[in-house]
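The following exercises ask the reader to work from the structure itself. Each task is followed by a solution in steps.

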Amino acid sequence: MIGYKKSLSEWQCLPEVKMGRGSPIPPVRRKIVSQRKIAKSLKLSSSTVHNIIQRFRESGTISVRKGQGRKTILDACDLRALRRHCVTYRNATVMEITTWAQEYFQKTLSVNTIHRAIHRCQLKLYRSKKKTYLNMIQKRRCFLWAKAHLKWTVAKWKTVLWSDESKFEVLFGKLGRHVIRTKEDKDNPSCYQRSVQKPASLMVWGCMSACGMGSLHIWKGTINAERYIQVLEQHMLPSRRRLFQGRPCIFQHDNARPHTASITTSWLRRRRIRVLKWPACSPDLSPIENIWRIIKRKMRQRRPKTVEQLEACITQEWDNIPVPKLEHLVSSVPRCLQTVIKRRGAATQW
């Protein structure tokens, strides 16, 4: 070991040093053996253990002396300026941030250097969530609607029949953005991200409450007011009788054009169906949106290849939604309203 080597004359001057079989181990060799044991137990190299011991004898501490190693090209002040720029321009690419940093700091910086500096700023690149755009008027109306319904109890929200439409596409061929491959496999057909120009799709209408799932209606193409009234007669009314069994309930739907048409509102008025007033562009407030999200996640896992398989998978996953899940979603509506009020009508985290 370095630091314990002695010359041949020094070894000869040591008293009672015998290196034969059965002779006692010299004290210097005992130190070497102990360091080897420490290195083996800590799974470190012997040189590392020796350097730590020598550093402790010289400075009284095992920490590395300040100033060792290569200096970073961006100091703490530069990192704070970089963080302020990244937080201000959150949608900027790393290349755009690199161009700005080269002009601002007057230094030669690469994209990899800026990428590492962003990580040092406790920031990371994520895929942004998709949320509906709300202008100031829509935020104000959503804020007032949340304040007006904040006093509703969970039992009151359980009397609401939630309904909505959603579009489902055949995901066969769309394999995602990431693939595990080597550098040479970039032209391998199994590593391509295939895209379908006009994938087959289905429109789905459904309703649910805290008591259970309602009926499901699937069709191709768009929907108008006349067809929407037929859906309400054939699916909403039977689901209402089955779920609430004659108890009073409130029907909820959004402000789509078929929903707010004059013939639709007059039909609901003749049927004496109480409709919950709904703010515009606020899908985050409806718990049935979470049901669509769950089913679409299942579709990405099952990957149906045809429209018939897609329809069968949607129906099966719709029937598999448990009632406790529905109760949990409906019970979370008051918390969602508090979040809307806290954000002054902006989109929630649902």
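**Exercise 1. Determine whether glutamine 252 is buried or exposed, and identify what surrounds it.**

Step 1. Glutamine 252 has a relative accessible area of 1% and is therefore buried. Buried means under 20% relative accessible area, exposed means over 50%, and partly exposed lies in between, with a 1.4 Å probe and protein chains only.

Step 2. Glutamine 252 is found in strand β4, residues 250–252. Helices (H or I, at least four residues) and strands (E, at least two) are DSSP runs, numbered from the N terminus.

Step 3. Neighbours within four places in sequence are left aside; glutamine 252 is then in contact (heavy atoms within 4.5 Å) with Val160, Leu161, Trp162, Ser163, Leu276, Trp278 and Ser286.

A note on the basis of these values: this is a predicted model, in which local features need pLDDT of at least 70 and side-chain atom pairs count only at pLDDT 80 or more, while totals for chains, interfaces and linings use all residues. Residues are numbered from 1 along each chain as its sequence is written, and side-chain values use heavy atoms, with hydrogens and water left out.

**Exercise 2. Describe the chain as a whole: how many helices and strands are there, and what percentage of residues count as buried?**

Step 1. The chain contains 15 helices and four strands.

Step 2. Of its 350 residues, 34% count as buried.

Step 3. Among contacts with a separation of 6 or more, 71% are between residues 24 or more positions apart.

**Exercise 3. State how strands β2 and β3 are arranged.**

Step 1. Strand β2 (residues 201–209) and β3 run antiparallel and are joined by six bridges. Two strands pair if DSSP finds at least two bridges between them.

Step 2. The two strands form a hairpin, with two residues between them.

Step 3. Tryptophan 205 stands opposite histidine 217, which belongs to β3.

Step 4. Strand β3 comprises residues 212–219, and seven of its eight residues are buried.

**Exercise 4. Identify which residues touch the most other members of the largest nonpolar core, and which elements contribute to this core.**

Step 1. A nonpolar core is a set of buried Ala, Val, Leu, Ile, Met, Phe, Trp, Tyr and Cys residues joined through side-chain atoms within 4.5 Å. The largest has 40 residues, of which Trp157, Trp162 and Ile291 touch the most other members.

Step 2. The elements giving two or more residues to this core are α7 (136–148), β1 (160–169), β2, β3, α12 (288–302), α13 (307–319), α14 (323–331) and α15 (333–342).

Step 3. Helix α12 supplies the largest share of this core, six residues.

Step 4. Another core, of 17 residues, lies apart from it; Leu161, Cys207, Leu243 and Phe244 are among its members.

Step 5. As general background, nonpolar side chains tend to be buried together in soluble globular proteins.

**Exercise 5. Show where the buried residues of helices α11 and α14 lie around the helix axis.**

Step 1. In α11 (residues 262–270), Thr264, Trp267 and Leu268 are buried. They cover an arc of only 95 degrees around the axis, which puts them on the same side of α11. The arc is that of the directions from the helix axis to the C-beta atoms.

Step 2. Ser262, Arg269 and Arg270 are exposed on the other side of α11.

Step 3. The cover over the buried residues of α11 includes α9 (225–244) and α10 (257–260).

Step 4. In α14, the buried residues are Leu326, Leu329 and Val330. Seen down the axis, they fall within an arc of 95 degrees, so they line one face of the helix.

Step 5. These residues of α14 pack against α8 (154–157), β1, β2, β3, α12 and α15.
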